[in-house]
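Here is a first walk through a protein model, from the overall fold down to a handful of residues. Have a look at the structure before reading on.

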Amino acid sequence: MGVVLYFLRHGQTAYSLTGGYCGTSANDPGLTEAGLEMAQEFAHAYAHFPWTAVYASPLRRAIETARPLCQRTGLEMRVRDGLREVMYGRWEGMRPVEVDKEYHDEYVAWLTDPAWYAPVGGERAVDIARRSSQVLDEIERTHQEGHILLVSHKATIRIMLSTLMGIDVGRYRDRMDMPVAAVSIVELASRGPLFHTIADRSHLGERLRSLPST
């Protein structure tokens, strides 16, 4: 086996409960108590794996999610800007219902084709695909084999998985869900990416799995 990628969405935040948009360091909530528990439960379940490296988004919730595994394994966290969440521009801090009311036409366009339409002042899916692919390229250049953890965000992970699948990144919301603390496993095999798991949460206890997540 060569390189195996583990895409982990961060744990629960206040925004993941409401569906509010948060994609910048200026609007960067940490994990809730339940979110911190999710990070610990992932680390407990996966600490015995032969990890080679841990990559994380620079946003606080991703760093807090990656930290327990790094502490258990002694690995340094490699923070990469390409793994951060979509920047939502003027929609930062707003909930979908508020965006729909204030920016209705732009919101409908973004829902219809997020690949080429951005939140007002924000990023398109093709922009996220481009910057996140640079991280994947770095991993392929740096690591010939091993288990690699990437801690990132709902949209960013789905866009990266869509890119690896060869799916139009504009359809990322239509093809897969990605609740908080879900892990997706992709082997970079000789004939291309081989998907083992998408959005698995079996490492969480029943109470944490039952909590609402957007």
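## What buried means, and what you are looking at

A residue counts as buried when its relative accessible area is under 20%, as exposed when that value is over 50%, and as partly exposed in between, using a 1.4 Å probe and protein chains only. These words come up throughout the tour.

This is a predicted model, so to speak of local features a pLDDT of at least 70 is needed, and side-chain atom pairs count only at pLDDT 80 or more, while totals for chains, interfaces and linings use all residues. Residues are numbered from 1 along each chain as its sequence is written, and side-chain values use heavy atoms, with hydrogens and water left out.

## The overall build

The chain holds nine helices and six strands; these are DSSP runs numbered from the N terminus, with helices being H or I of at least four residues and strands E of at least two. Its radius of gyration is 16 Å, close to the 17 Å that the globule rule gives for 214 residues, so the chain is as compact as a globular protein of that length. That radius is taken over C-alpha atoms, and the rule is 2.2 Å times the number of residues to the power 0.38. Along its principal axes, the C-alpha trace spans about 50 × 40 × 30 Å.

How much of the chain is buried? Of its 214 residues, 54% count as buried. Contact means heavy atoms within 4.5 Å, and among the chain's contacts with a separation of 6 or more, 69% come from residues 24 or more positions apart.

## Surface, charges and cysteines

The chain exposes about 9700 Å², and carbon and sulfur atoms supply 48% of that. Accessible areas like this one come from the Shrake-Rupley method with a 1.4 Å probe, and for residues only the protein chains shown count as cover. As for charge, there are 24 positive and 27 negative side chains, and the centres of the two sets lie 0 Å apart. Lys and Arg are the positive ones and Asp and Glu the negative ones, with His and the chain ends not counted; each charge is placed at NZ of Lys, CZ of Arg, CG of Asp or CD of Glu.

How many disulfides turn up in a search of the whole structure? The search finds zero, a disulfide being a pair of cysteine sulfur atoms within 2.5 Å.

## A tryptophan in a loop

W91 sits in the loop between β3 (77-79) and α4 (96-102). Is W91 buried or exposed? With a relative accessible area of 0%, W91 is buried.

Leaving aside residues up to four places away in sequence, W91 touches Y21, V99, Y103, E106, Y107, W110, P119 and V120. R80 is another matter: W91 and R80 are 11 residues apart in sequence, and 24 Å apart in space, C-alpha to C-alpha.

## T163 and its partners

T163 belongs to helix α7 (residues 154-165) and is partly exposed, at 33% relative accessibility. Not counting residues up to four places away in sequence, T163 touches A129, S133 and V169.

G192 lies in strand β6 (residues 192-200) and is partly exposed, at 24%. Its C-alpha atom is 9.2 Å from that of M165, 27 residues apart along the chain. A199 is also found in strand β6, and is partly exposed, at 22%.

What is the phi of A199? It is near 60°, a positive value in a residue other than glycine. A181 has a positive phi as well, near 65°. A181 is found in the loop between α8 (172-175) and β5 (183-189), where A181 is buried, at 3% relative accessible area.
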